[in-house]
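I opened my notebook to get to know a new structure. Here is what I looked up, entry by entry.

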Amino acid sequence: MTDNHVHIGQFCETWYEPLEVLGIVTEAGITDVVYSSTTSGKDEVRYKEIEHEIREVTAEYPPDKMEPFFWYIPPYIDEGITIENAFQNLPYGGIKLHPRCHRWNLQDRKHLDCLHTLFGSAQDSGVPILIHTGEDDFEKPAFFEQFIAEYRDVRCILAHCRPVLETIAMFRTYKNVYGDTAFLPEANLQKIIQAGFGERLFLGTDFPITHYFTRGNTETNEPAITLEQQYKKDTAVLQKYEIILAGSTERN
Ligand SMILES: [Zn+2]
């Protein structure tokens, strides 16, 4: 079974040790993983740290089974960190964009040029782009629409499918738009299936961010359960959704 949405590294004040996370995922019987480093969302990101984390994982696991995605952030533009160099140095299998962690400014020429380069090289090399989505204007499913429309051969995966109706509208307009089930409520999964787009979904958990959000209601602010326990819950949802999706495509 595949988990198409896993993270390693720093998330807010919590450090999720890369090999520990992927060890837990492997133990749970997941054989194929797509992951990226949330260290990319830190205030002062140093790409060297991320390279180090990913190298640690690729030394342990073959990258065709544990596939890293290159999380590109706008500050890299001025630092001269390019997609070309990154893909030369590490066996990346895709690109991740997170317009909530780092805002993309579509009025800024540098940002626009950079996005054209990213989408263009994804088109040339056939790698997908995983895009975070959410309720705010700067992260809505249609935020990168001009690029999705121009680069029709790029598989664009809208993580979380949020908001769901706008995601469905994007599925309807563009054949190259997909979604993932990370933090996707079952009611929204059903809406996507009913609209006829169940086959556009990739199964993913967002582990260990799921674990991060189990904290908050205790005095110590400690997570309520262990990482292993959380991933058991996450994979139970994954399996349930897999069965629902399999059933829905049989009917069609
Ligand atoms: Zn995520």
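How much of the accessible surface of the protein belongs to carbon and sulfur atoms? I found 49% of a surface of about 11,900 Å²; the areas come from the Shrake-Rupley method with a 1.4 Å probe, and for residues only the protein chains shown count as cover.

**Ground rules.** I noted that this is a predicted model, where local features need pLDDT of at least 70 and side-chain atom pairs count only at pLDDT 80 or more, while totals for chains, interfaces and linings use all residues. Residues are numbered from 1 along each chain as its sequence is written, and side-chain values use heavy atoms, with hydrogens and water left out.

**Overall build.** I looked up the elements and got 10 helices and 9 strands. These are DSSP runs numbered from the N terminus, with helices being H or I of at least four residues and strands E of at least two. The radius of gyration is 18 Å, close to the 18 Å of the globule rule for 252 residues, so the protein is as compact as a globular protein of that length. That radius is taken over C-alpha atoms, and the rule is 2.2 Å times the number of residues to the power 0.38. Along the principal axes, the C-alpha atoms fill a box of roughly 45 × 45 × 35 Å.

I then checked burial: 53% of the 252 residues are buried. Buried means under 20% relative accessible area, exposed over 50%, and partly exposed in between (1.4 Å probe, protein chains only). Of the contacts with a separation of 6 or more, 70% join residues 24 or more positions apart, a contact being heavy atoms within 4.5 Å.

**The zinc ion.** Which residues are the protein donors of the zinc ion? I wrote down His5 (NE2), His7 (NE2) and Asp206 (OD), at 2.1 to 2.4 Å from the ion. Donors here are N, O and S atoms within 2.8 Å of the metal (3.2 Å for Na, K and Ca), and water is not among the atoms, so sites may look incomplete. Along the chain the spacing reads H-x1-H-x198-D. Both His5 and His7 are buried.

**Thr205.** I found Thr205 in the loop between strand 9 and helix 9, buried at 6% relative accessible area. Thr205 and Val6 are 199 residues apart in sequence, yet their C-alpha atoms are 6.5 Å apart in space. Setting aside neighbours within four places in sequence, Thr205 has contacts that include His5, Val6, Phe183 and Tyr231.

Most residues other than glycine have a negative phi, and most peptide bonds are trans. I went looking for exceptions. The bond from Phe207 to Pro208 is cis, with omega near 0 degrees, and Pro208 lies in the loop between strand 9 (201-202) and helix 9 (209-212). The bond from Arg162 to Pro163 is also cis, with omega near -15 degrees; Pro163 sits in the loop between strand 7 (156-159) and helix 7 (164-173).

Cys161 is found in that loop between strand 7 and helix 7 too, with a positive phi near 50 degrees. Is Cys161 buried or exposed? Cys161 is buried, at 0% relative accessible area. Phe183 has a positive phi near 60 degrees, but counts as partly exposed at 36%. I placed Phe183 in the loop between strand 8 (177-180) and helix 8 (186-194).
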